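I set down what I looked up, one topic at a time.

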Amino acid sequence: MQQPERWAEGSAHAKTILLGEHAVVYGRPAIAFPVTSLTLVAHARSTDGGLSLDTPYHHGAVAGDDSLSSPREERLAEAALRHTLDHLGRQHHGVDVTVTGRIPAARGLGSSAAVASAIASAVARLEGVWLSYEERFELVQFVERIAHGTPSGLDAHATMAEGPIIFERGTARPLPHKGVPPLVVADTGVAGHTAAAVAGVRARRERDASGVDARLDAIAALVEGALDELRSRDYVGLGERMNACHSILSELGVSSPELDALVSAARNAGALGAKLTGGGQGGCIIALAPRATDVPELVAALSAAGATGAWPVTDKEAA
Ligand code: MEV
């Protein structure tokens with residue numbers, strides 16, 4: 001074991017789901033991309049005692065044991081800090097953690113997973129411990145369970161991944177294709193609560209199992225077909241799949257008027273396809289521009305249509 005450092009950093013980025021949200025909760029595949037333009041950095045420092053946090057969601061001393069019972073963002077950061085120290089067997093250390101950067105919370109961009117991942121990395125480094133990928137994944141999943149109840153694991157993997165992934169039945173694999181399509185995410189400015197959206201789909205499935213399962217299978221078929229289109233850069237075909245997926249997610253009850261409005265604005269601005277991304281019922285859309293050079297115009301059009309934020313998914317052009 002290395003000597004503990006006096007301070008250390010860890011970082012994580014946002015994620016966006018291209019295709020497969022909700023169906024992935026029921027074992028179907030999903031494709032997700034890192035959003036490298038939205039990142040968080042956690043800076044952990046040893047202190048004489050006590051735990052304190054300063055995050056975009058939380059300032060000051062860490063509260064008592066009830067910290068694990070509330071799903072608010074500041075409580076999730078506390079949970080990440082405490083659980084990492086428990087995992088490392090260092091409960092009694094004084095640690096101060098500052099998280100900087102910005103991933104809008106409750107927008108389907110994986111902010112809770114990213115906060116947990118950045119804090120776990122920074123605190124482990126501070127304590128001189130190397131965390132394996134699996135250990136970090138489990139620490140993030142602990143926080144995701146507080147946030148979302150029954151997370152598939154997709155968000156945790158996607159915020160930790162270096163590039164696009166396909167996730168199915170608990171396993172994430174990097175997508176073999178080089179480059180990222182010209183994608184944009186845009187925020188409705190309305191919070192979407194993944195746990196509530198997932199519970200809504202579950203309730204619908206209890207009423208109509210065959211109807212919901214048929215839709216989940218249709219989403220799985222869209223994901224599988226998209227792999228070929230990503231390989232051949234058939235972005236017209238990929239955009240059609242995104243549009244079809246948005247319709248199915250709407251039928252599952254996880255869209256909203258604000259999401260539908262941004263999806264329409266993206267299509268009217270020339271996007272080849274657009275859909276909600278993440279849990280829905282608020283949060284963000286993802287839209288596909290025809291070419292990388294069209295991304296700034298699509299970002300501007302979505303901002304003009306009322307998006308409270310719009311970001312390219314990557315700053316790198318498809319290679
Ligand atoms: C949330 O980002 C994605 C969902 O599929 C939930 C999950 O995978 O746990 C809605």
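**Entry 1: Domains**

I began with the domain assignment of the protein chain, which gives domain 1 (7-173) and domain 2 (179-312). I note at the outset that this is a predicted model. I then looked up the distance between the two domains: their centres, taken over C-alpha atoms, are separated by 24 Å.

How many residues of each domain are in contact with the other? I found 27 residues of domain 1 in contact with 34 residues of domain 2. On the side of domain 1 that touches domain 2, the elements giving two or more residues are β1 (7-19) and β2. I recorded that β2 provides the largest share of that side, with six residues. By class, the residues of this side of domain 1 divide into 16 nonpolar, eight polar and three charged.

**Entry 2**

Strand β2 (residues 30-47) runs antiparallel to strand β6 (residues 165-168), and three bridges join them. As an example, I noted that A30 has F167 in β6 as its bridge partner.

From β6 I went on to strand β7 (residues 171-174), which is joined to β6 by four bridges and runs antiparallel to it. The strands β6 and β7 form a hairpin that has two residues between them. In the turn of this hairpin, R169 has a positive phi of about 45 degrees.

I also looked up the pairing of β2 with strand β5 (residues 94-101), which is antiparallel and extends over eight bridges. In this pair, S46 stands opposite V95 of β5. Parallel or antiparallel: in which sense do β3 and β5 pair? Strand β3 (residues 51-55) and β5 pair in the parallel sense, over four bridges. I noted D54 as an example, with T98 as its bridge partner in β5.

For later use I wrote down one general point: the side chains of a regular strand alternate between the two faces of the sheet.

**Entry 3: A sheet of four strands**

I then turned to an open sheet of four strands, whose order is β9-β10-β8-β11 and whose pairing is antiparallel. Why is one side of β9 and of β11 left without a neighbour in the sheet? Both β9 (273-277) and β11 (309-312) stand at the edges and have a single partner strand each, so one side of each has no neighbour there. From one strand to the next, the twist averages 20 degrees.

I checked what packs on this sheet and found helix α7 (residues 235-251), which touches β9 and β10 (284-288). The direction of α7 makes about 40 degrees with that of β9. Within the sheet, strand β8 (residues 183-187) pairs with β11 in the antiparallel sense over four bridges. I noted that D187 has G309 in β11 as its bridge partner.

**Entry 4: The ligand**

Which residues come nearest to the ligand? There are 15 residues around the ligand, and E21, P151, S152, G278 and G279 come nearest. By class, I recorded six nonpolar, seven polar and two charged residues in this shell. Helices α4 (154-160) and α5 (194-207) each supply at least two residues of the shell. The ligand lies between domain 1 and domain 2, because both domains give residues to the shell around it.

**Entry 5: UniProt annotations**

Last, I consulted the UniProt record, an unreviewed entry, which lists residues 76-160 as "domain: GHMP kinase N-terminal". In the model this span is 61% helix and 9% strand, and its end C-alpha atoms lie 17 Å apart. The record, again as an unreviewed entry, has a further annotation, "domain: GHMP kinase C-terminal", which covers residues 227-306. For residues 227-306 I noted 56% helix and 12% strand, with the end C-alpha atoms 32 Å apart.

Terms used:
Residues numbered from 1 in each chain as written. Predicted model: local features only at pLDDT ≥ 70, side-chain atom pairs only at ≥ 80, totals over all residues. Near = placed C-beta within 6 Å. Nonpolar A, V, L, I, M, F, W, Y, C, P; charged D, E, K, R; others polar. Domains from an automatic or database assignment. Pairing = 2+ DSSP bridges. Axes fitted to C-alpha atoms, helices over the stretch in contact; angles between N-to-C directions. Contact = placed C-beta atoms within 7 Å. UniProt positions renumbered as here; feature names shortened; annotations may be inferred.
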